[in-house]
Amino acid sequence: TMVIFLAPLLALASAWGVNRQTSFITEARENLPFHETRMFDSLAEGPRTEYLAQMDIIHTDGQHGLCSLDQFSTIKDSRPCLELATQEFVGAATPLVLILGDSHGRDMFQTLGYAFTDANLVMLHQSSCAPAGYSPWATRNCFPDLQDELPAVLADVQPDLVVLAAHWPLTSIAPTQQTLDILSKWGGAIAIIGPAPEFESSTVSILQGLGVSYADLTPDVRLPARFAFDVFAARDALADMAKDDDIYVYDRLSVLCNPDGCLAFVPDRDLALMNWDNQHLTPAGMQFLAADMQTNQELLDLMSAKRP
């Protein structure tokens with residue numbers, strides 16, 4: 001009888017002990033130095049996964065509008081891909097836009113799609129390359145046959161507007177003049193999307209370095225404008241060059257940064273990162289930029305005009 005009486009008490013004591021131990025372990029874990037790092041890292045995990053999933057869908061073979069020299073090596077080799085990417089837009093009532101650029105350009109391919117849902121977008125992409133024929137380092141040739149093949153691409157695609165979009169390192173600005181010269185002879189509408197923040201380290205690392213705990217983070221936090229290169233100088237040099245050709249430049253940098261720093265999070269969103277690494281927009285960041293584009297009259301005019 002005594003055993004029967006004590007059994008529930010022993011079970012209760014055991015359960016209390018397990019719960020107390022679990023609570024103690026949880027509290028100890030939260031006080032570990034790495035707990036804050038894990039919490040900060042978690043900010044980027046979802047956006048990174050979503051971003052990479054979108055890249056898998058877009059791919060590089062023209063099925064979803066994007067052709068990449070990462071796959072085809074030369075512009076000449078990519079022309080069948082561009083033909084495939086363009087064929088569904090033949091005879092469309094809305095403008096056809098050809099985007100040339102790197103991974104930032106690919107982000108703008110998506111962002112313009114969010115902003116102008118009726119636009120027909122096709123992109124010629126090459127990683128780490130502004131849309132110009134140059135060599136940023138010894139083993140890298142960017143858009144190697146651009147001077148010979150871009151006129152043929154323009155004849156094949158017949159865009160209403162050409163958009164140049166990239167991360168725009170300073171070494172890419174002068175070579176881009178040759179691209180503008182080709183486009184000037186073509187005679188159609190041209191727009192440039194300027195550079196965006198490219199930080200020295202990831203957004204998450206910079207946030208941790210601010211000395212603010214994860215629990216105290218707020219969406220209005222700004223990051224210091226410590227960039228991997230002089231993005232402001234690149235923006236200004238690009239604008240000066242475009243001005244000579246009367247080409248509109250959309251200033252991404254001014255949308256994302258002000259004298260107090262750069263947006264870490266998308267405004268009015270609960271800790272939704274603007275960039276998932278040190279430079280690439282999250283899908284939420286793209287939608288934020290798209291909303292700004294929708295209020296930009298120069299872009300609205302360019303994106304809605306059919307070539308005569």
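Predicted model: local features only at pLDDT ≥ 70, side-chain atom pairs only at ≥ 80, totals over all residues.
Strand β2 (residues 96–101) runs parallel to β6, and five bridges pair the two. Residues are numbered from 1 along each chain as its sequence is written, and side-chain values use heavy atoms, with hydrogens and water left out. The protein chain has 12 helices and 11 strands; helices (H or I, at least four residues) and strands (E, at least two) are DSSP runs, numbered from the N terminus.

**The whole chain**

- Of the 308 residues in the protein chain, 48% are buried, where buried means under 20% relative accessible area, exposed over 50%, and partly exposed in between (1.4 Å probe, protein chains only).
- Take the contacts between residues at least 6 apart in sequence: 72% of them join residues at least 24 apart. A contact here means heavy atoms within 4.5 Å.

**The six-stranded sheet**

- Six strands make an open sheet with parallel pairing, in the order β1-β3-β2-β6-β7-β9; two strands pair if DSSP finds at least two bridges between them.
- β1 (66–68) and β9 (248–250) are the edge strands, and each has a single partner strand, so one side of each has no neighbour in the sheet.
- From one strand to the next, the twist averages 20 degrees. For angles like this, axes are lines fitted to C-alpha atoms, for helices over the stretch in contact, and angles run from 0 to 180 degrees between N-to-C directions.
- Between β7 and β9 the pairing is parallel, over three bridges, and alanine 191 has tyrosine 248 as its bridge partner in β9.
- Helix α7 packs on this sheet and touches β6 and β7, its direction making about 175 degrees with that of β6.
- Helix α12 (residues 297–304) also packs on the sheet, where it touches β2, β3 (120–125), β6, β7 and β9; its direction makes about 115 degrees with that of β9.

**A closer look at β6 and β7**

- Strand β6 (residues 161–165) is joined to β7 by five bridges, and the two run parallel.
- Valine 162 is a handy landmark: it is the bridge partner in β6 of leucine 98, and its own bridge partner in β7 is isoleucine 190.
- Alanine 165 stands opposite isoleucine 193 in β7.
- Five of the five residues of β6 are buried, so the rest of the structure largely encloses this strand.
- Leu161, Val163 and Ala165 point one way from β6, while Val162 and Leu164 point the other way; all are buried.
- In strand β7 (residues 189–193), four of the five residues are buried, so β7 too is largely enclosed by the rest of the structure.

**How α7 meets α9**

- Two packed helices are described by the angle between their axes and the distance between the axes.
- For helix α7 (residues 170–186) and helix α9 (residues 231–244), the angle is about 20 degrees and the axes lie 9 Å apart.
- That angle makes α7 roughly parallel to α9: angles under 35 degrees count as roughly parallel, over 145 as roughly antiparallel, 65 to 115 as roughly perpendicular and the rest as oblique.
- On the α7 side the contact is made by Leu170, Ile173, Thr176, Gln177 and Leu180, and on the α9 side by Ala233, Ala234, Ala237, Leu238 and Met241.
- By class, this contact of α7 with α9 has eight nonpolar, two polar and no charged residues. Ala, Val, Leu, Ile, Met, Phe, Trp, Tyr, Cys and Pro count as nonpolar, Asp, Glu, Lys and Arg as charged, and the others, Gly among them, as polar.

**The three-stranded sheet**

- Three strands form an open sheet with antiparallel pairing, in the order β8-β11-β10.
- Its edge strands are β8 (222–223) and β10 (257–258), each of which pairs on one side only.
- β8 and β11 run antiparallel and are joined by two bridges; leucine 223 has cysteine 262 as its bridge partner in β11.

**Leucine 281**

- Leucine 281 sits in the loop between β11 (261–263) and α11 (283–293).
- With 3% relative accessibility, leucine 281 counts as buried.
- Not counting residues up to four places away in sequence, leucine 281 touches Tyr51, Asp107, Met108, Leu256, Met274, Asn275, Trp276, Met286 and Leu289.
- Leucine 281 and histidine 104 are 177 residues apart in sequence, and 8.4 Å apart in space, C-alpha to C-alpha.
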